[in-house]
Amino acid sequence: MKAKPDVNDIRTGRTSEIIAQAFLDNLYYLQGCTLMNASRNDLFMALSYTVRDRMLATWLQGVKDIVESEISPDNKIVCYLSAEFLPGPHLANNMVCLGMYEETKKAMRQLAIDLDELLDQEEEPGLGNGGLGRLASCFLDSMATLSLNAIGYGIRYEFGIFDQEIQNGWQVEITDKWLRYGNPWEIPKPDLSQEVYLNGHTEAYYDKKGNYRVKWVPGRVIRGIPYDTPIIGYGNNKCNTMRLWKAEAIESFDFDDFNKGDYYAAVNEKVSSETITKVLYPNDETDAGKQLRLVQQYFFVSCSLKDMIKLHLSRNDELDDFHKHFAIQMNDTHPSIAVAELMRILIDEHNMEWDKAWKITTSALSYTNHTLLPEALEKWNLGLFSSVLPRHAEIIFEINRRFLMDVQKRYPGNIEKMQRMSIIEESGGKFVRMANLASIGSHSINGVAALHSELLKKYVLQDFYQMWPDKFHNVTNGVTPRRWLYVCNQRMSSLITEYIGPKWLKNYHLHIADIEKYKNDPVFREKWMKVKKQNKSALADWIKNKTGIKVDVESMFDIQVKRIHEYKRQHLNVLHIITLYNQLKNNPDANLAPRTFIFGGKAAPNYFMAKLIIKLINAVGHLINNDKAVNDRLKVVFIPNFNVQNGHIIYPAADLSEQISTAGKEASGTGNMKFSMNGAVTIGTPDGANLEICEKVGTRNFFLFGHTASEVFTIKSRNYNPGLYYETNNSLKQVIDQIASGYFSEGDKQLFRPLINSLLYQDEFLLMADYQLYVDCQQNVNQAYLDRERWTTMSIETAAHMGNFSSDCSIMEYAKKIWKINIF
């Protein structure tokens, strides 16, 4: 008789037999059921706890390493401050990184359980809006895989980015209740809570030594409770932490109010406090929404900085060398209040002199800029800011005063430069410019693609670059191949491993190019295209299930999935679809490869034009999909609720990746990398990381079109008139007139009028100027796809040259250029 594994094996063993027994134990003891009466969620939770058990020993060792490590460049702790994290489903990724995926599949098979069903059960943590949050999660994965000590700090939103439904072609937002069935990965740590001050006033005084001091007397105090999620590295027994903060009231129930019969007042403070972390990105069109968003940002930054200082003081008596132990990366402008908050803590709470505190602050902090769009460079009304954070307003005034003195010395008499660089904007009201604060208070500023970094230096942060050129760096974004190739495309991963071995999973950037040597091998090519077709079939089945639309797997899958925004130009894609439709209607024998156009993405709830673009996509799709004259050649699909989990099935199935933003508007993009890693060929503008991808994969494998960023600037500076393109291009005119006439809206001429007027009279993002260039480039795409042997080669070569776009490479650059950490 086989002996039952001991308790240690049950908690840590990774054979299928032990995993099966551990799973049954967790099902019984933690979920309180057996296989006979367990729900699918019970089964998922039990398996997740089984996997988590195998992470905990490694995780606790990682925590010990952080707490006990000596201060040195090799042991510096990276603290990644991000208002967003989009980790995606954890279960599959954790099994891959632990090397237990296949054994777990065997264990479930022994119990007659379909592992894929359990993977589908997991609720996705919607803790981000798009690329920013997904990048942060890729970086946490890579930091663990590269054995860096790191903590990712953010907000535990109770309700994440909304779930999207499409009703009558329109986006409808549904509450994202991602926590409703429980979260097996997080561990609350109430004993590590922090208190956060808000509102109130300040009082100046002199201490016993005669030093001028300021005391903040808060109007409200909030408690921040950390919830820790282990983030496992691949194949190295390294586990870091994602620490997300939840807001709670200091006193959640007022007995005095309750006894007076005022039941609402009794719980008012609880409701008010917990609102802070209720929802990702509240609607900030109202003053209340703006205030809540500011409070959210300050709340998680304050909790995080206090957490770091508490950790530092647990091993050191002084804070003088804090910056030697912590590298704090601000992921965009959302956490930039960290500059003022760290100064406040050092000066007010630890009685440090200004100059010393400033040196520590600027040495510890670094700033990643993710946008060139002015509206995304946050600024706060000074009155609102001073009301919520009165002490920080004073500190920012002092930072600004000292900084402008330096500017005056450097550029005497240049008032305009001082006005541009000031943290306080004074034209049309007073505002606190958070990008300026981050730039002044950091030792490093980086863009996220080569072009983006150059445009930052040339336009957005030009004055700061002129003053501090050595502060500026470029670190091109990347994505983790563990999730975006292995987890989401196991068929292709198995093929790659069959030919070059498993080493690419750990060191993708070093080994993925090895597949290129097989690009002319007929057996490898046949297997490659078989994998692609299987992935397309899986997506086709999924589309039929989700939307009811049947698509042809032999057609080109032309995919654009990303946040819906005018600068990302989903509507340019639609103009091309209508152009193809017209060509087929006029000439049914045209030599056009069948295409399935697939869209996905969410529009911000208050972004009317983006919502109208979604309606246009669906309206055009409805007409084309029901037109028997063309629907065997063209199909249009909008996939609702695009997220990480849906991306797992979409990216592997793409033939063509649409990356068509206006040049100079997309900072980097990471969807472009995910598609290319999975062998999709790109059509794209010279924007973001597209240029770097094009350079690596070769122009023969990339369909580049459109005006460059400098040309866009020139066109707009010369009184750009989009109407001229409409008047002089018959094809474009026909498309615009069809939309305006109600052809796609059952005769309603007013439905798309705002979009048409925007294109004809403003066209902020140059669709009209780029239209013909796009259509011509798409003709080249068509010819390439008709030659399936050529397309296969393009697909293989694209995938083979994506090594530089692993997030491992990005983190190695951050470590070397910015954090000054040696990676062995």
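Biologist: How many disulfides does the count come to?

Modeller: This is a predicted model, in which local features need pLDDT of at least 70 and side-chain atom pairs pLDDT 80 or more, whereas totals for chains, interfaces and linings use all residues. Residues are numbered from 1 along each chain as its sequence is written, and side-chain values use heavy atoms, without hydrogens and water. A disulfide is a pair of cysteine sulfur atoms within 2.5 Å; the count here is zero. For C239, the nearest cysteine sulfur belongs to C97, 9.5 Å away.

Biologist: Is C239 buried or exposed?

Modeller: Buried means under 20% relative accessible area (1.4 Å probe, protein chains only). C239 counts as buried because its relative accessibility is 1%.

Biologist: Which residues touch the most other members of the largest nonpolar core?

Modeller: In soluble globular proteins, nonpolar side chains tend to be buried together. A nonpolar core is a set of buried Ala, Val, Leu, Ile, Met, Phe, Trp, Tyr and Cys residues joined through side-chain atoms within 4.5 Å. The largest has 181 residues, and M143, F322, I328 and W819 touch the most other members. A second, separate core of 88 residues includes L27 and M802.

Biologist: What does W819 contact beyond its neighbours within four places in sequence?

Modeller: Contact means heavy atoms within 4.5 Å. The partners of W819 include K76, M143, Q329 and Y814.

How values were computed. Buried means under 20% relative accessible area, exposed over 50%, partly exposed in between (1.4 Å probe, protein chains only).
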